[in-house]
Amino acid sequence: MAFRQALQLAACGLAGGSAAVLFSAVAVGKPRGGGDADTRATEPPAWTGARAGRGVWDTNWDRREPLSLINLKKRNVESGEDELTSRLDHYKAKATRHIFLIRHSQYHVDGSLEKDRTLTPLGREQAELTGLRLASLGLKFNKIVHSSMTRAVETTDIISKHLPGVSRVSTDLLREGAPIEPDPPVSHWKPEAVQYYEDGARIEAAFRNYIHRADARQEEDSYEIFICHANVIRYIVCRALQFPPEGWLRLSLNNGSITHLVIRPNGRVALRTLGDTGFMPPDKITRS
């Protein structure tokens, strides 16, 4: 009973790492193998909001639905609907967020240390092409947030040259990792369960921190770039679209690719592009 209550509390809006750790623990504990252990739970995962049925959009997925931010129990009934409408307007988002998720360019995968996994010559060319493509869109980008891993930092360095004046911020939250055990499983990649437990909490925290509707104080549409890694981007896409996050490994992303998510003021999310590299010559496209 205590465990079920903890899940319910987490689904109702616990933010940050503590709730994410709980979700990851649930994911790691999902049984594998044959016999009775292969029986799947009938309830949806906690991160979907613990809703009863599949295919139902959770309007409060980012915990920013205006009505959920008002304590209706404390509302003065005599004030009527006018006050409620006024208070709702105070919390309503007005702007649309355009989120561009960029996968880092090709890098030296055989580097013994993370700092040695630098971009290859081809990877540097890919980053140049991605930077040119972003600049050609003619958008007023607000910021660049990038993973602190070497290959992401170097990709950001090159792309930033094509977007002068755009501020950049480094974060450990967007570092590569194993977000959640994939379903169906794959034979060629099987991290230890503890890696899902640790990385999954961090990547879920990154999603909650960066992927949500605009703040109510934001007046104009924003265009934000996030330069990170394939696993992180694939997980974020699944979560943002409220697809089963266990399916993240079914998506494939090229190096230097552009994924474009749109988050409307009402919380609706659309995927404009997924892993676009149509701006690169065929001989420059890789997925390493």
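**Exercise 1.** Find the residue just after α7 that takes a positive phi, and give the angle.

*Solution.* Go to the end of helix α7, which spans residues 230–240. Just past this helix sits Q242, and its phi is positive, at about 60°. Keep in mind that you're looking at a predicted model.

**Exercise 2.** Work out how many residues of helix α7 are buried, and what covers them.

*Solution.* Start with the cut-off: a residue counts as buried when its relative accessible area is under 20%. Now walk along the helix: A230, N231, V232, I233, R234, Y235, I236, V237, C238, R239 and A240 are buried. That's 11 of the 11 residues, so α7 is largely enclosed by the rest of the structure. Next, look for the cover. It includes the strands β1 (97–103), β4 (222–228), β5 (258–263) and β6 (269–276), along with helix α6 (193–210).

**Exercise 3.** Decide whether T171 is buried or exposed, and list what it touches.

*Solution.* Then check its contacts, skipping residues up to four places away in sequence: T171 touches V145, H146, S147, S148 and Y210.

**Exercise 4.** Zoom out and describe the whole protein: how many helices and strands, in what pattern, and what percentage of its residues is buried?

*Solution.* Count the elements and you get 7 helices and 6 strands. Reading along the sequence, they run α-α-α-β-α-β-α-β-α-β-α-β-β. Of the 288 residues, 45% count as buried. As for the surface, the protein exposes about 14,900 Å², with carbon and sulfur atoms supplying 53% of it.

Terms used: Residues are numbered from 1 along each chain as its sequence is written. This is a predicted model: local features need pLDDT of at least 70, side-chain atom pairs count only at pLDDT 80 or more; totals for chains, interfaces and linings use all residues. Side-chain values use heavy atoms; hydrogens and water are left out. Contact means heavy atoms within 4.5 Å. Buried means under 20% relative accessible area, exposed over 50%, partly exposed in between (1.4 Å probe, protein chains only). Helices (H or I, at least four residues) and strands (E, at least two) are DSSP runs, numbered from the N terminus. Accessible areas come from the Shrake-Rupley method with a 1.4 Å probe; for residues, only the protein chains shown count as cover.
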